[in-house]
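Visitor: I have a model open here and would enjoy a short tour of it. Could you take my questions as they come?

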Amino acid sequence: HMLIPYAGPPGSYQRYSYIDVYEGKVGAEQLSGKYVLVGGTALGLGDTFATPMSSTDALMPGVEIIANVLDGLLQNVHRYPAPLWGNVIFNLIPVLLAIPLFYLGQPRTVLSGIVLLMLLDLICMWLLRRFASVQVLPAASLVCLMLAYPLWSWRRLELAMQQIMAEFSRMRRENGFFRDPQHVYGDRLERNLQAFESAAWQLRELQQMVR
């Protein structure tokens, strides 16, 4: 078993029609000194597979997969899966780096930092594969980073609304003259904002009267 160092998408290697070679339409100099693999690549002929370099519209023929394996062996290019501890460390580092952002940054700063960490995660994965021939699995850290910002935003919004309503209730309890708005609409968040806005207007009216 081995990780295949794919050279590119399907069609990365030169193909010649078998009948053209048989009838001499392909010159001998085009095949001289080269490895030649024979297999079916026409649509509906032979086996095709989905690979990391192929798409649903262009699956890779089995003979081309063998060509990628042979090419990697000839060029001494290998891919080694990272050990479990290596994947754990690789996925923990960006998540730990993101934690200070949530304590120190504003929403826009946090979002920019999360996107930057995701890009750095992918770049580091490419560098390890390109120069160290190590294949890491970054899915865990990417999923954590993608989920962290919406969950953090939701939690901040919930805490802000709790604080606003607690302050509104305290103002109404201590002063006694704050009235609820007569016409409210929308969901719970919108109704709470309307109630707080009404209290703010009543406070302004009181200040104007005092002046």
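Visitor: In which loop does Ser133 lie?
Guide: Happy to start there, and please keep in mind that this is a predicted model, in which local features need pLDDT of at least 70, side-chain atom pairs count only at pLDDT 80 or more, and totals for chains, interfaces and linings use all residues. Residues are numbered from 1 along each chain as its sequence is written, and side-chain values use heavy atoms, with hydrogens and water left out. Helices (H or I, at least four residues) and strands (E, at least two) are DSSP runs numbered from the N terminus. On that numbering, Ser133 sits in the loop between helix H5 (107-131) and strand S4 (134-135).

Visitor: What is the phi of Ser133?
Guide: Most residues other than glycine have a negative phi. Ser133 is not a glycine, yet its phi is positive, at about 60°.

Visitor: Is Ser133 buried or exposed?
Guide: The classes rest on relative accessible area: buried is under 20%, exposed is over 50%, and partly exposed is in between (1.4 Å probe, protein chains only). Ser133 has 19% relative accessibility, so it counts as buried.

Visitor: Where is Asn76, and is it buried or exposed?
Guide: Asn76 lies in the loop between helix H3 (62-74) and strand S3 (80-81). Its phi is also positive, near 60°, in a residue other than glycine. With a relative accessible area of 56%, Asn76 is exposed.

Visitor: How far apart are the end C-alpha atoms of H5?
Guide: The expected span of a helix is 1.5 Å times one less than its number of residues. H5 has 25 residues, so it should span 36 Å; this agrees with its end C-alpha atoms, which are apart by 36 Å.

Visitor: What is the radius of gyration of the protein chain?
Guide: This value is taken over C-alpha atoms, and the globule rule is 2.2 Å times the number of residues to the power 0.38. The C-alpha trace spans about 105 × 40 × 30 Å along its principal axes. A compact globule of 211 residues would have a value near 17 Å, but the protein chain has 31 Å.

Visitor: What share of the residues in the protein chain is buried?
Guide: The secondary structure comes to seven helices and four strands, running α-α-β-β-α-β-α-α-β-α-α from the N terminus on. Of the 211 residues in the protein chain, the buried share is 24%.
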